[in-house]
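Please keep the sequence and the structure in view while reading.

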Amino acid sequence: MTRPRTPYRPLDITVPFPELSAYARTATRLHPCPGTPTAADSSVGGPLLWPAAEAWPVCGEHGGAPLLPLAQFHVGDVPDLPPFAPPGTDLLQVLWCPRYAHEDGPFSHFGPYTRLVWRRAAEVTGPLAVPSPPPVTEERYVPVPCVVHPEQVVEYPFADYLPKELDQRIMAWEDELQARIGPSAPWYQYDLSLAPGWKIGGWDSWHRTDLVRVYCDACGTEMRVLLTIDSYEGNGAADSWGRYGDPGRPTGIAVGRDGEYRAFVCPADPSHPHRMSMQ
Ligand SMILES: [Zn+2]
Ligand SMILES: [Zn+2]
């Protein structure tokens with residue numbers, strides 16, 4: 001199978017709107033594809049590099065049910081992961097309780113309880129843990145084992161993050177483009193700003209609720225999106241970010257109403273608890 005890549009952007013949005021350059025952020029699209037990842041690999045749904053001597057994490061809300069391995073990413077594999085990694089760590093592991101209802105925070109009522117673990121891969125030297133599966137699971141929260149093909153792209157913010165005046169000029173420009181070119185004209189939201197699919201870093205979309213800024217419970221700092229878990233890898237048939245030749249839902253994961261489930265972390269202190277948000 002050919003390695004999934006983002007097609008050339010339909011246009012460079014910083015040409016008509018140079019002021020957007022100040023908001024550019026890189027994101028790493030993970031491009032998960034069904035495969036047979038090992039515990040040594042970055043993966044979605046693969047085995048975790050987890051020492052047998054370390055207690056397997058459990059969900060406190062479901063009678064100590066063991067969490068399900070969701071993903072792990074080596075810092076060296078994912079260009080946008082290093083700025084998030086606490087000192088001395090080089091591997092991010094994500095586990096979750098594959099059930100719908102959790103009450104571990106105001107943003108997490110309607111999604112799986114998640115645990116983020118940072119560790120140093122070289123320190124895992126002994127035998128690996130073989131976790132027992134959680135007793136009850138929702139199938140849509142059980143990932144298909146996937147290898148990942150990280151690719152760095154440039155993103156621009158969801159419109160609500162922009163000054164109102166700039167947002168309005170972008171909308172007027174879109175209207176003009178639609179009138180001139182027709183339905184194939186690109187849209188800021190879907191074609192030019194935010195990449196769909198699983199990704200690390202970049203910007204967060206708020207298309208379901210409008211913008212809700214996420215602040216750290218521990219210190220009040222505005223949080224940054226670390227991981228986006230997406231139900232689809234594309235925006236549909238006319239998708240400028242398209243993964244031609246690949247299925248739209250390679251991981252089998254569907255979150256919320258076929259939406260996105262995002263982990264936000266504190267840029268001031270990586271030891272502060274993360275928060276989840278559904279879109
Ligand atoms: Zn649970
Ligand atoms: Zn904080």
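## A facing pair in the sheet

In this predicted model, Phe73 stands opposite Leu92, a residue of strand E7. The two strands concerned, E6 (residues 68–74) and E7 (residues 91–97), pair in the antiparallel sense, and six bridges join them.

Both belong to an open sheet of six strands, whose order is E2-E9-E3-E6-E7-E8 and whose pairing is antiparallel. At the edges lie strand E2 (33–34) and strand E8 (113–119), each of which pairs on one side only.

## The chain as a whole

The protein chain has two helices and 14 strands, and its C-alpha atoms fill a box of roughly 65 × 45 × 35 Å when this is taken along the principal axes. A compact globule of 279 residues would have a radius of gyration near 19 Å, and because the protein chain has 19 Å, the value agrees with that expectation.

Of the 279 residues in the protein chain, 37% are buried. Among the contacts with a separation of 6 or more, 75% are between residues 24 or more positions apart.

## The nonpolar core

The largest nonpolar core has 58 residues, and those with the most contacts inside it are Leu81, Val94, Trp96, Ile200 and Leu226. Two or more residues of this core come from each of E6, E7, strand E9 (146–147), helix H2 (188–193), strand E12 (224–230) and strand E13 (260–265). The most is given by E7, which contributes six residues to this core.

Helix H1 (residues 164–181) has 18 residues and, at 1.5 Å a residue, should span 26 Å; its end C-alpha atoms are 25 Å apart, which agrees. H1 is hardly covered, for the count of buried residues among its 18 residues is one. Just after H1 comes Gly182, which takes a positive phi of about 95°.

Ala22 has its place in the segment before strand E1 (25–29). Is Ala22 buried or exposed? Ala22 is exposed, because 8 other C-beta atoms lie within 10 Å, and a residue counts as exposed if that number is 12 or fewer. Ala22 and Phe84 are 62 residues apart along the chain, and their C-alpha atoms are separated by 21 Å.

How values were computed:
Residues numbered from 1 in each chain as written. Chains lettered and ligands numbered in written order. Predicted model: local features only at pLDDT ≥ 70, side-chain atom pairs only at ≥ 80, totals over all residues. Helix = DSSP H or I, 4+ residues; strand = E, 2+ residues; numbered from the N terminus. Rg over C-alpha atoms; globule rule 2.2 N^0.38 Å. Buried ≥ 20, exposed ≤ 12 C-beta atoms within 10 Å, placed from the backbone. Contact = placed C-beta atoms within 7 Å. Expected span 1.5 Å × (residues − 1). Pairing = 2+ DSSP bridges. Core = buried A, V, L, I, M, F, W, Y, C linked by C-beta atoms within 7 Å.
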